Amino acid sequence: MVSYKELGLVNTREMFAKAINGGYAIPAFNFNNMEQLQAIIQAAAETKSPVILQVSKGARNYANQTLLRYMAQGAVEYAKELGWEKPQIVLHLDHGDSFETCKSCVDFGFSSVMIDGSHLPYDENVALTKKVVEYAHQFDVTVEGELGVLAGVEDEVSAEHHTYTRPEEVVDFVTKTGCDSLAISIGTSHGAYKFKPEQCTKDPKTGRLVPPPLAFDVLDGVMKELPGFPIVLHGSSSVPQEEVETINANGGQLEAAIGIPEDQLRKAAKSAVCKINIDSDSRLAMTAAVRKVLNEKKAEFDPRKYLGPARDSMKKLYIHKIINVLGSNGKA
Ligand SMILES: [Zn+2]
């Protein structure tokens with residue numbers, strides 16, 4: 001048993017309370033490898049933004065849970081080296097799929113876990129979430145639950161259609177489970193193909209596709225039922241079209257990849273939404289940079305020569321999100 005406190009990590013409780021009162025949201029960035037983690041920590045340290053490092057099931061399968069946890073521990077020390085005296089870094093399990101997975105993360109030094117029972121019948125979701133909360137709270141680890149189903153595919157999480165969160169269920173769910181934050185479904189979705197072109201309208205100026213707005217009425221309903229309670233949005237990448245275009249100009253084939261417009265996310269960040277998950281955008285930034293280098297310098301074979309630019313590109317993206325979308329800069 002290792003406590004996250006010994007590793008210099010923090011849980012989400014105070015961070016979320018400040019974010020709700022301050023009208024901003026905390027970035028939750030997924031990480032799978034060293035360059036991505038360096039980019040996240042550099043961006044957070046430079047902007048003095050609290051940050052949530054997320055580990056998905058796919059990341060644990062890819063990089064190994066043990067290695068990722070030690071990397072997060074290293075990230076705290078690295079942040080200090082970068083001049084961030086008291087780093088506000090959360091290590092969070094993204095989409096925990098069982099009590100056992102959540103327990104193993106709590107026991108191993110994670111400061112926050114998500115238990116995703118959103119695909120289960122309501123009562124089973126309540127029972128599972130409650131069990132995780134009861135275990136995690138003994139160690140002051142915070143727990144995110146989920147109500148409603150997001151469409152899309154990312155790692156092992158996939159569903160074909162949205163089911164919006166039902167505001168009339170949230171008080172009962174939060175009261176019965178004791179969870180610390182709640183992921184809701186209001187039209188965001190996982191992956192880089194969030195909308196079909198026929199769901200979108202065309203911006204006459206740029207010719208780019210504009211997706212339908214998020215269901216802010218559902219968010220308002222949830223906030224009315226649960227005033228001041230921390231709300232989480234998953235699947236909130238914006239799929240920057242410059243990155244998609246760079247990928248396609250350098251041999252890629254991403255067709256009609258569409259994300260959530262940043263103005264919608266800015267609006268959400270000012271409300272009780274205090275954690276916004278962003279993964280696909282950094283995948284796109286990384287892939288675009290790697291493709292560009294390899295396409296332009298065909299004799300290059302030193303991975304540092306393409307992973308370095310990829311890291312710089314992700315860092316730029318993270319800083320942009322922190323300052324221009326979430327507003328969490330200067331809050332840590
Ligand atoms: Zn998610």
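Okay, to start: which strand is His95 found in? Hold that thought for a moment.

First, the overall picture. This is a predicted model, and the chain has twelve helices and twelve strands. The C-alpha trace spans about 60 × 45 × 35 Å along its principal axes. Buried residues account for 50% of the chain. And if you take contacts between residues at least 6 apart in sequence, 74% of them join residues at least 24 apart.

Back to the histidine. His95 sits in strand β3, residues 89-96. Its phi is positive, near 55 degrees, and it's not a glycine. Most residues other than glycine have a negative phi. His95 also counts as buried, because it has 25 C-beta neighbours inside 10 Å.

Val239 is another one to look at. Again not a glycine, and phi is positive at about 50 degrees. Val239 lies in the loop between β11 and α9. With 23 other C-beta atoms within 10 Å, Val239 is buried.

Last stop, helix α12, residues 303-326. α12 has 24 residues and reaches 32 Å from first C-alpha to last, close to the 34 Å expected. Its buried residues include Ala310, Met314, Leu317, Lys321 and Val325. An α-helix has 3.6 residues a turn, so residues three or four places apart point the same way. What do the buried residues of α12 pack against? That would be β1, α2, α10, β12 and α11. Then, just after α12, Gly327 takes a positive phi of about 75 degrees.

Methods: Residues numbered from 1 in each chain as written. Predicted model: local features only at pLDDT ≥ 70, side-chain atom pairs only at ≥ 80, totals over all residues. Helix = DSSP H or I, 4+ residues; strand = E, 2+ residues; numbered from the N terminus. Buried ≥ 20, exposed ≤ 12 C-beta atoms within 10 Å, placed from the backbone. Contact = placed C-beta atoms within 7 Å. Expected span 1.5 Å × (residues − 1).
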